[in-house]
Amino acid sequence: MASMAFIDEHNEIAMLQKPKQGAGFHQTVDFLKTTHIAHALTISPSIYIEHQRQFWAHATIVTENGVQMIKTKVCGKLLTVTEEVIRISLRLDDASGITSISNDELFSTLTRMGYGGPLGVFKFSKAKFSPQWHFFVHTLMHCISKKTTGWSEFSSTIAYALVCLATARKYNFSKMIFSDLVSNLGSKKSFYMYPRFVQAVITHELTNMPHFDGIYIPKAPKGKIFSNMRRSAGDSEGVDTPLFSTMVVVSDTDEDMAAGSRPPLDHPTASQSQPSHSKSILQYLLDKPTSPITQTYKRKQIKKAPSLLVPSPTQPLSPLRENSTLENINRETKGVSPNPKEVLSEEEEEHMGEKAATTSASTEKDNGNINKTSPMATLNEQSFKGPRC
């Protein structure tokens, strides 16, 4: 146990992002996000080297009531690891999962996946798959298996897991991981196996654990992994086999459609086979409830011009009133002087009276003519009826 070490390419964090280099692999990424192993693929706790050392240094295999378990001690605290503890810590929810399938189903499903290598043996080459399937197998090998070397080949255990995931069945990864931990204890080539998963169990089961300076950082996923997939998939006989229709989910980008990989026409579409986990931006906008848009308009107040039909109080009612002879007669008859301060003599008053009489006779004659020729005369006559002074 003193010579145990970390293996950088073992228990990596999965690449489930979509960089520009990953065009053509987005369907596989979307599918892996929907599986029950998505949390286990991406969980990234702070891996304390001292926690890992003590876990393996004190680990022993114990069987109680027919249940096999690993008992150990970390920082003075007892820790019991079972299949169920791993299932809960990694959120795998695979208690009802299977661990193997028949050989006939295994080989026939690999053929559907476009595997180009010989079948009948239990050593498979990931380079015999087209790029999308190649990336799928690569993720299982590096992120959730006990492999530490020989990355070009995978065993039947990974093949079983691959087929179960592709055909919408749960593979019991909890049991697989626990069995791998047990086998590592009795191996001459033991190493710090599943450091991400072991740290997740320690953090979940033990509280108030001390922290240490020494931290192991797993290999970070890089976008160039996708270009490597394209180059190394040269043995797939040039056939780009799409994912099964039950694996395809609706993408939230349009790059997947541009990159190809539509579901085969002889299979049901993804919307018929399984519920959609994400939607396109356009569909989201169409489904989003909208409320009617109301706009408020303010009527602009316009100053109205004075009506030509309503006379102004400062103007005479009729242009005839201002220069009318009748108006002058009324003013003269009342003895109103243009200048109120001016006082008339008796001779002037008599003269004015004679003049008014002469003018009155002339006015009556004119009024008679006006009544015959102009309707305005009637108005003037009615307006000035009344006793004269």
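Colleague: How many contacts beyond four places in sequence does the model have for residues 254-282, where pLDDT stays under 50?

Modeller: This is a predicted model, and pLDDT is the predictor's confidence in each residue, from 0 to 100. A contact means heavy atoms within 4.5 Å. Over residues 254-282, pLDDT stays under 50. Beyond four places in sequence, the contacts in the model for this stretch number 41.

Colleague: And how many contacts beyond near neighbours in sequence does the stretch 377-385 have?

Modeller: Here too pLDDT is below 50, over residues 377-385. Where pLDDT is low, the predicted coordinates should not be read in detail. The number of contacts beyond near neighbours in sequence is ten.

Colleague: In which helix of the protein chain is confidence highest?

Modeller: The chain averages a pLDDT of 76, and 61% of the residues score at least 70. Helices (H or I, at least four residues) and strands (E, at least two) are DSSP runs, numbered from the N terminus. Confidence is lowest in helix α12 (residues 270-273), at a mean of 40. It is highest, at 98, in residues 83-89, helix α4.

Colleague: Which residue in the turn of the β2 and β3 hairpin has a positive phi?

Modeller: β2 and β3 pair in the antiparallel sense over five bridges. Threonine 60 has lysine 71 in β3 as its bridge partner, and isoleucine 61 has isoleucine 70. Two residues lie between the strands of the hairpin. The residue with a positive phi, about 55°, is asparagine 65.

Colleague: Which elements do the buried residues of α3 pack against?

Modeller: Buried means under 20% relative accessible area, exposed over 50%, partly exposed in between (1.4 Å probe, protein chains only). In helix α3 (residues 49-57), the buried residues are His51, Gln52, Gln54, Phe55 and Trp56. They pack against β1 (47-48), β3 (67-74), β4 (77-81), α8 (173-185) and α9 (195-205).

Colleague: How many salt bridges does the structure hold?

Modeller: A salt bridge is a side-chain nitrogen of Lys or Arg within 4 Å of a carboxyl oxygen of Asp or Glu. Glu83, Glu84, Arg87 and Asp94 are linked in a network of them. The structure's count is ten.

Colleague: Which residue forms a salt bridge with glutamate 9?

Modeller: The closest N and O atoms of the pair are 3.8 Å apart. Glutamate 9 lies before α1 (26-34) and its partner between β7 (215-216) and α10 (224-232), so the pair ties together parts 210 residues apart in sequence. Glutamate 9 is partly exposed at 31% relative accessibility.

Colleague: Is aspartate 30 buried or exposed?

Modeller: Its side chain meets that of lysine 18 in a salt bridge (2.7 Å, N to O). Lysine 18 lies in the segment before α1 and aspartate 30 in helix α1, so the pair ties together parts twelve residues apart in sequence. Lysine 18 is partly exposed at 25% relative accessibility. At 8%, aspartate 30 is buried.

Colleague: How many disulfides does the structure hold?

Modeller: A disulfide is a pair of cysteine sulfur atoms within 2.5 Å. Cysteine 143 is buried at 3% relative accessible area, and cysteine 164 is buried at 1%. The disulfide count is zero.

Conventions:
Residues numbered from 1 in each chain as written. Predicted model: local features only at pLDDT ≥ 70, side-chain atom pairs only at ≥ 80, totals over all residues. Heavy atoms only, no water. Pairing = 2+ DSSP bridges.
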